[in-house]
Amino acid sequence: IKEASPAPFWELPLVVGSGKLNLEQLKGKVVLLEFWFKNCGPCIAAVPDLNSLKNKYNGLPFELIGINAEDTQKDALWFVETRKVYYTTVYQGNEAAKVYGISGYPTTVLLDKNGIVLYAGGFDKERIENLINKNL
């Protein structure tokens, strides 16, 4: 996905609880999407930094969403519980990953309050935080 392009719509089921979440519900917030799957070493390694970002911007118009690309709800839930994921996570994200052009995991996509892509790529904490701060 290219920077400065509008993010494609998605609607996916929540890993924890019931119901669905879609991109439209996040309008008005800076949104960090993290595409991942459970047996991905770098995905596991990213969780503490992602939890840290979630906590840092708590109470601000910021949302961090983990999008599981290929695991069942049971496997995604296992990951969320055992890896202590503190941000909202959805699953069945394989089609969304394709539409976003995700080819490696984890991949981070940062959106502004209007759903325009600010950044897409690997988890570059400093760059991502700078962009979040500029766009809040």
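Which residues have the most contacts inside the largest nonpolar core?

1. **Basis.** This is a predicted model, where local features need pLDDT of at least 70, side-chain atom pairs count only at pLDDT 80 or more, and totals for chains, interfaces and linings use all residues. Residues are numbered from 1 along each chain as its sequence is written, and side-chain values use heavy atoms, with hydrogens and water left out.

2. **Main core.** The residues with the most contacts inside the largest nonpolar core are Leu-32, Leu-53, Phe-62, Leu-64, Leu-110, Ile-128 and Ile-132. This core has 25 residues. A nonpolar core here is a set of buried Ala, Val, Leu, Ile, Met, Phe, Trp, Tyr and Cys residues joined through side-chain atoms within 4.5 Å. Buried means under 20% relative accessible area, exposed over 50%, and partly exposed in between (1.4 Å probe, protein chains only).

3. **Suppliers.** At least two residues of this core come from each of β3 (30–36), α1 (41–56), β4 (62–68), α2 (73–82), β7 (117–121) and α4 (125–135). α1 gives the most, with five residues. Helices (H or I, at least four residues) and strands (E, at least two) are DSSP runs, numbered from the N terminus.

4. **Leu-32.** Leaving aside residues up to four places away in sequence, Leu-32 touches Leu-50, Leu-53, Phe-62, Glu-63, Leu-64, Ile-65, Thr-108, Val-109, Leu-110 and Ile-128. Contact means heavy atoms within 4.5 Å.

5. **Second core.** A separate core of 21 residues includes Trp-10, Tyr-100, Ile-102 and Leu-111.

6. **Pro-61.** Pro-61 sits in the loop between α1 and β4. Its relative accessible area is 30%, so Pro-61 is partly exposed. Pro-61 and Leu-136 are 75 residues apart along the chain, yet their C-alpha atoms are separated by 6.5 Å. Beyond residues up to four places away in sequence, Pro-61 touches Gly-28, Lys-29, Val-30, Lys-113 and Leu-136.

7. **Disulfide.** The whole structure has one disulfide (cysteine sulfur atoms within 2.5 Å). It joins Cys-40 to Cys-43, with S to S at 2.3 Å. The torsion about the S-S bond is about 80°, so the disulfide is right-handed. Cys-40 counts as buried because its relative accessibility is 4%. Cys-43 is also buried, at 3%.
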